[in-house]
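Biologist: Please take a close look at a single part: the region where one chain meets another. Then place that part in its wider setting.

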Amino acid sequence: MYRSLFSRDVFAELDRLQRDLQSAFDYSPAIRGLGRGGFPALNVGTAPTSVDVFAFAPGLDPSSIDVNLDRGVLTIAGERKETLPASDEKTTLHIHERPSGRFRRVVSLPDDVDPNAVSASYRDGVLQVSIKRRESAQPRRITVQ
Amino acid sequence: MNTVAQLNEQRDTVPAGRPEPALLPPVDVVEDATGITLYADLPGVPKDKLSLRVDGDQLTVEGDMALALPQGMAASHAEVTLSRYRRTFTLSKELDADKVSAELSNGVLRLRIPKADHAQPRKINVQVN
């Protein structure tokens, strides 16, 4: 038990357990990884005609979101302003869980996406970036002569 | 040996009396002299899918996501794996649950619960503005 050399912190142990489990299930991640956690949470969906990235980023000004697609790497960046009033003697902050500040997340997309056919929309605090796949990569039926 | 369909069915059937699993939305709670303000992150929840309930001294915030998913989409990476949020708070006596006001914008819910002069516990319906 080499780990017992140091005193155990239960949260550190849980964190380690989570990483161990993750590496056990996902032993060949992409070179740029697809790190979990952090803000905003990301879901990536693949459909036959498009790849959709959902960023769960509530409370943003849509014009301040920076979405970039460069050689198959999608970057979502922006800033979430602190909405809480300045703390003084009259106000007490009881729970503080919502993150604020600058954020940036990067996703590497499949090779067959078309960088000229990207659309992004922000609705109910979810940013949806939809990237069409190239015509040549889409499934099609081949007629036999 | 269970088939995948059977396993999915087992997972989807909710045992009686136990609420189905939901995401716990992160919140900020600020108290000032006149009341409490609660901010909750509920990305993906439109106004009509949000429900606020006060039952006794329990305040429950619940919401379902409505995302525009393209036809035939399969998730290739998912950090958000449930589509429902739920969180319950216990209110204290001096808060007036009768006068709760709520607004939802860009996935952020802001609840204002004013303090009452006299604590009068009762059941009320909360309207979402």
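Modeller: Helices (H or I, at least four residues) and strands (E, at least two) are DSSP runs, numbered from the N terminus. This is a predicted model: local features need pLDDT of at least 70, side-chain atom pairs count only at pLDDT 80 or more, and totals for chains, interfaces and linings use all residues. Residues are numbered from 1 along each chain as its sequence is written, with chains lettered from A and ligands numbered from 1 in the order written.

Chain A first. From its N terminus, the elements of chain A run α-β-β-β-β-β-β-β-β. That comes to one helix and eight strands. Chain B has one helix and nine strands. Its order from the N terminus is α-β-β-β-β-β-β-β-β-β.

Now the meeting place. In total, 34 residues of chain A are in contact with 32 residues of chain B (contact: C-beta atoms, placed from the backbone, within 7 Å). On the chain A side, two or more residues each come from β1 (41–46), β2 (50–56), β5 (92–96) and β8 (126–133). The largest share is that of β1(A), with six residues.

Strand pairing crosses between the chains (two strands pair if DSSP finds at least two bridges between them). An open sheet of five strands has the order β7(A)-β8(A)-β2(A)-β1(A)-β5(B), and the pairing is antiparallel. Its edge strands are β7 (113–123) of chain A and β5 (74–78) of chain B, each pairing on one side only. Within this sheet, β1(A) and β2(A) run antiparallel, joined by six bridges. There A:N43 stands opposite A:F54 of β2(A).

A further link involves β5(A). Four bridges join β5(A) to β1 (residues 27–32) of chain B. These two strands also run antiparallel. Here A:H96 has B:D28 of β1(B) as its bridge partner.

Behind the contact lie the nonpolar cores. A core is a set of buried Ala, Val, Leu, Ile, Met, Phe, Trp, Tyr and Cys residues joined through C-beta atoms within 7 Å. Buried means 20 or more other C-beta atoms within 10 Å of a residue's own, with C-beta atoms placed from the backbone. The largest core has 21 residues. B:L38, B:A40, B:A97, B:L109 and B:I113 touch the most other members. Two or more residues each come from β2 (35–41), β4 (58–64) and β8 (108–114) of chain B. A second, separate core of 17 residues includes A:L42, A:V53, A:V126 and A:I131.

Take B:A40. Leaving aside neighbours within four places in sequence, B:A40 contacts B:P25, B:V27, B:V61, B:R87 and B:L109.

Seven bridges join β2(B) to β8(B), which run antiparallel. B:I36 has B:I113 as its bridge partner in β8(B). β7(B) and β8(B) form a hairpin with two residues between them. In its turn, B:N106 has a positive phi of about 50°.

Last, the chain totals. Of the 145 residues of chain A, 21% count as buried. In chain B, 22% of the 129 residues are buried. Among contacts in chain A with a separation of 6 or more, 55% join residues 24 or more positions apart. The figure for chain B, among residues at least 6 apart, is 59% at least 24 apart.

Notes
Contact = placed C-beta atoms within 7 Å. Buried ≥ 20, exposed ≤ 12 C-beta atoms within 10 Å, placed from the backbone.
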